[in-house]
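Please open the structure in your viewer and keep the sequence panel beside it. Each stop of this tour tells you what to select and then what is there.

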Amino acid sequence: MGNVTKILVPTDGSEGSVKAAAFAGELANALGAEVTVLYTQSDEFLLEHSWGAANFIQGVPEGMSTVEQIRDSLEKEAHETVIPNTTKALGSLASEPTVVFLWGHAAEQINKYADENGIDLIVMGSHGRSGLKRAFLGSVSQAVANGAKCPVTVVK
């Protein structure tokens, strides 16, 4: 496998991704590796937030919002909750983790980022779906493992 100096930790804020971050933090400390936390958001989520639909469901109708406003809101939410929870789970590292936010299909963006940035290892969580749920909802961890050019560790 060679030297692992760069570890990528994709996160979606789930319990599985937080567990993966904790594992990656321990591994990074043992290996002296740098860590990058990657959060991806799909454009598909813009639709549910358009015209204030998501806010109306939450009880705060706001009318129409621009795509930029919706993107800004989703990014702000990620930077206020998901990313801090993930970086906290990493524990104490020798250097601050790099944080990256990308728009697009999660598995594609994870593999593209890993390839373009010389990532040595991807450590990610699994939702533990099986059977029909996996068939209908897909598995980001499986898609990443199948498409990555570097090793992938899936933490349950």
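**Before you start**

This is a predicted model, in which local features need pLDDT of at least 70 and side-chain atom pairs count only at pLDDT 80 or more, while totals for chains, interfaces and linings use all residues. Residues are numbered from 1 along each chain as its sequence is written, and side-chain values use heavy atoms, with hydrogens and water left out.

**Stop 1: helix α1**

Helices (H or I, at least four residues) and strands (E, at least two) are DSSP runs, numbered from the N terminus. From its first C-alpha to its last, α1 reaches 24 Å with its 17 residues, close to the 24 Å expected at 1.5 Å a residue; the expected span is 1.5 Å times one less than the number of residues.

Now colour G16, S17, A20, A21, A24, G25 and A28, the residues of α1 that are buried. Buried means under 20% relative accessible area, exposed means over 50%, and partly exposed lies in between, with a 1.4 Å probe and protein chains only. Just after the helix, G32 takes a positive phi of about 70°.

**Stop 2**

In soluble globular proteins, nonpolar side chains tend to be buried together.

Stay with V35 and display its contacts, meaning heavy atoms within 4.5 Å. Apart from neighbours within four places in sequence, V35 is in contact with I7, V9, A28, L90, L93, P97 and T98.

**Stop 2: T11 in strand β1**

Select T11, which has its place in strand β1. Is T11 buried or exposed? T11 counts as buried because its relative accessibility is 6%. A polar atom of the T11 side chain lies 3.2 Å from the backbone nitrogen of G13. When neighbours within four places in sequence are left aside, T11 is in contact with S17, V37, L38, Y39, T40, V82 and T86.

**Stop 3: helix α5**

Move to residues 106-116, which form helix α5, and pick out its buried residues, A107, Q109, I110, N111, Y113 and A114. What covers these buried residues includes β1, β2, β3 (98-103), β4 and α7 (140-147). After α5 comes G118, which has a positive phi near 60°.

**Stop 4: T153 in strand β5**

Select T153, found in strand β5 (residues 152-155), where it counts as partly exposed at 26% relative accessibility. The C-alpha atoms of T153 and V123 are separated by 4.8 Å, although these residues are 30 residues apart along the chain. Leaving aside neighbours within four places in sequence, T153 is in contact with F23, L121, I122, V123 and M124.

**Stop 5: the salt bridges**

How many salt bridges are there? The count comes to three, where a salt bridge is a side-chain nitrogen of Lys or Arg within 4 Å of a carboxyl oxygen of Asp or Glu.

- Select E15 and K19, whose side chains meet in a salt bridge (3.4 Å, N to O); because they are four residues apart in helix α1, about one helical turn separates them. E15 counts as exposed at 59% relative accessibility, whereas K19 is partly exposed at 39%.
- Select E80 and K76, which form a salt bridge with the closest N and O atoms 3.9 Å apart. These two are four residues apart in helix α4 and so are separated by about one helical turn.
- Select K149 and D115, whose side chains meet in a salt bridge (3.4 Å, N to O). K149 lies in the loop between α7 and β5 and D115 in helix α5, so the pair ties together parts that are 34 residues apart in sequence.

Definitions and conventions. A polar contact is a pair of N or O atoms within 3.5 Å; within protein, one must be able to donate a hydrogen and the other to accept it, and residues adjacent in sequence count only if both atoms are side-chain atoms.
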